[in-house]
Amino acid sequence: MKWRMALLCVFLFGAVVGLQALHEQRGGPLVRPVSNLLYVRSPEVMSRMALSYDALLADLYWIRAVQHYGGTRLSVEPDRQYDLLYPLLDLTTSLDPRFNVAYLFGSIFLSEMPPGGPGRPDLAIALLEKGLRAQPARWEFAQAIGFVQYWWRQDYQQAALWFRRASELPQAPDWMAPLAATTLAQGGNRQSSRLLWLHIARTAEVDWYRNEARRRLQQLDAMDQLDLLQRAVDAFRGRQGMAPSSWADLREAGYLRGTPADPTGTPYRLQSGAVMLDPRSRLNPLPVEPPRLR
Amino acid sequence: MRTIAHVAVNVFKESVRDKVLYSLVAFATLLIAVSYLIGQLTAGQDVKIIKDLGLAAIATFGLLIAVFIGIGLVWKEVERRSIYGLLSKPIRRHEFILGKYAGLALTLFVNMAMMTVAFYVVLAYMNTQFPAEARSVWPASATDPRMLLAIALIFLELLLVTAIALFFSTFSSPFLSAALTFGLWVVGHFNADLRNFESVVETRTAAHLARALYYVLPNFAAFDVKAQVVHALPVPSAYVATTAAYGIAYIALLLTGAVVIFARRDFK
């Protein structure tokens with residue numbers, strides 16, 4: 001009897017595993033008609049429903065926001081939408097108004113231009129202003145608003161104003177006041193952008209943001225190199241009367257010593273007399289600079 | 001006093017026999033699994049999330065133990081008819097009630113103490129996973145001893161829940177006792193809303209009623225300082241003392257009520 005029961009258990013266990021494998025082979029669960037759904041959008045309602053679990057719920061919404069951003073960014077869907085990103089961040093910061101990373105990272109996620117993000121610097125600023133209302137002494141939020149104004153809106157007056165405001169808050173670093181002055185004097189200057197990212201790369205609390213700052217610095221280096229290479233191509237065209245067809249032409253003419261590569265090691269591309277990043281380079285897309293600086 | 005201690009020890013032994021301490025295994029497994037997975041799921045804030053989860057899990061496991069054991073403390077004895085044998089011994093009815101309460105309080109204390117140890121072990125491990133540079137920007141260290149304050153207030157909150165469950169179990173069925181205890185626990189978190197009710201209602205009667213409920217119903221939200229300790233915000237000692245005094249007074253009230261009701265109960 002015991003053996004029969006044991007055999008029956010083994011058989012049934014095998015059947016369960018086999019059927020699960022068959023299920024997977026046939027494509028797994030059916031695709032749900034609606035994948036992105038947020039049942040409760042009101043932060044006030046959620047704060048009340050959370051009882052004493054508000055901080056834990058904030059963590060869950062934060063994880064969901066990170067997953068939503070990362071999942072949408074990696075998605076191959078042509079019409080990918082980040083429509084849940086702001087509501088998730090709003091819920092996170094309402095449930096835990098001191099969730100500083102949610103304000104700071106959230107503003108970065110929201111500002112990023114499509115397809116890397118929703119391209120909503122206005123929502124990023126709204127989120128950071130909410131953070132400043134909750135914690136008026138946090139210079140990091142004022143600096144982050146200045147950063148969004150500087151980098152994504154290219155509004156250097158506003159950026160300088162926010163950097164100045166950040167510099168006046170307690171525990172603001174010494175470099176904040178000079179940054180405000182530099183931004184006002186030379187806003188949009190690649191050098192002031194480099195200064196801003198350099199500070200972020202040095203002071204960022206988490207690896208992800210630090211790495212992003214390093215990538216931005218590499219982008220700025222690449223933009224400098226592209227300008228130099230373009231000048232070499234233009235000089236070649238001026239002397240030879242035609243654009244070089246490859247890097248070898250420039251090497252033979254003495255303009256270059258090797259095949260130029262971007263800071264990640266990916267060779268630059270030369271196409272119809274224009275120098276550009278290789279589409280496979282992870283520095284794509286380069287930030288858009290104001291026309292007056294081009 | 002010795003009689004109360006005897007009853008209490010028996011309640012503790014019974015809860016150990018009922019595998020209540022298995023909840024510790026679930027707690028430890030949950031924390032270890034989450035601490036392993038959390039780095040893959042989030043961008044920073046790993047230690048904050050472990051702290052939030054650990055404190056919430058301690059509160060939840062404790063709440064479930066307090067309610068589901070608390071409602072059966074008296075009812076079980078009546079249902080098994082062992083109450084006749086017990087009351088025929090030299091045990092006075094108030095000693096029986098207080099012993100039952102002390103036994104469950106001891107079970108909760110042992111349970112929470114072991115969960116706290118597991119919690120700090122996981123946090124100490126998490127502490128080793130980050131470089132000193134990353135740790136320097138945390139608002140508090142991973143093994144911040146101030147979290148013990150939040151755990152102590154959770155314990156006091158659970159003692160109050162236990163007193164409520166025991167109070168209801170002296171005169172009602174387990175299902176009704178559980179529903180009423182959970183109901184009070186939920187309503188007790190909306191206490192602040194009751195205070196502000198007068199600003200949203202037009203009738204003075206409703207406003208007065210809400211105000212009265214605000215003073216009468218247990219204010220469970222007062223025991224919640226989890227967010228403050230996780231963010232290393234100050235928790236004034238006067239606040240802790242007032243909350244502790246409030247909790248002890250409410251527990252004393254409920255136990256007195258339970259003793260009075262149980263003393264008048266006819267088991268014939």
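**Chain B, elements**

I started with chain B and counted 13 helices and zero strands. Helices here are DSSP runs of H or I with at least four residues, strands are runs of E with at least two, and both are numbered from the N terminus. Reading from the N terminus on, I get α-α-α-α-α-α-α-α-α-α-α-α-α for chain B. Its C-alpha atoms fill a box of roughly 70 × 55 × 30 Å along the principal axes.

**Ground rules**

This is a predicted model, where local features need pLDDT of at least 70, side-chain atom pairs count only at pLDDT 80 or more, and totals for chains, interfaces and linings use all residues. Residues are numbered from 1 along each chain as its sequence is written, while chains are lettered from A and ligands numbered from 1 in the order in which they are written.

**Confidence**

I looked up pLDDT next, the predictor's confidence in each residue, from 0 to 100. Chain B has a mean of 86, with 97% of its residues at 70 or more. In chain B, helix α2 (residues 22-41) is lowest at a mean of 75, and helix α8 (residues 147-169) is highest at 94. Chain A has a mean pLDDT of 85, and 93% of its residues reach 70 or more.

**Chain A, overall**

Chain A has twelve helices and two strands. The order from the N terminus on is α-α-α-α-α-α-α-α-α-α-α-α-β-β. I noted two domains, domain 1 (43-183) and domain 2 (215-293), with bounds from an automatic or database domain assignment. Their C-alpha centres lie 35 Å apart. The C-alpha trace of chain A spans about 95 × 50 × 30 Å along its principal axes.

**Where A touches B**

I counted 19 residues from chain A and 21 residues from chain B in the contact. Two residues are in contact if their C-beta atoms, placed from the backbone, lie within 7 Å. On the chain A side, α3 (54-74) and α5 (100-111) are the elements that give two or more residues. The most come from α3(A), with eight residues. That side of chain A splits into eleven nonpolar, two polar and six charged residues. For these classes, Ala, Val, Leu, Ile, Met, Phe, Trp, Tyr, Cys and Pro count as nonpolar, Asp, Glu, Lys and Arg as charged, and the others, Gly among them, as polar.

**α5 against α7 in chain A**

The axes of α5(A) and helix α7 (residues 139-151) of chain A come within 10 Å and cross at roughly 10°. So α5(A) is roughly parallel to α7(A) (angles under 35 degrees count as roughly parallel). Axes are lines fitted to C-alpha atoms, for helices over the stretch in contact, and angles run from 0 to 180 degrees between N-to-C directions. From α5(A) I listed A:Tyr103, A:Leu104, A:Ser107 and A:Ser111, and from α7(A) A:Glu140, A:Phe141, A:Ala144 and A:Val148.

Most residues other than glycine have a negative phi, and most peptide bonds are trans. I found a cis bond from A:Pro114 to A:Pro115, with omega near 5°. A:Pro115 is in the loop between α5 and α6 of chain A. A:Gln171 has a positive phi of about 65° although it is not a glycine, and A:Gln171 lies in the loop between α8 (156-167) and α9 of chain A.

Notes
Parallel < 35°, antiparallel > 145°, perpendicular 65-115°, else oblique.
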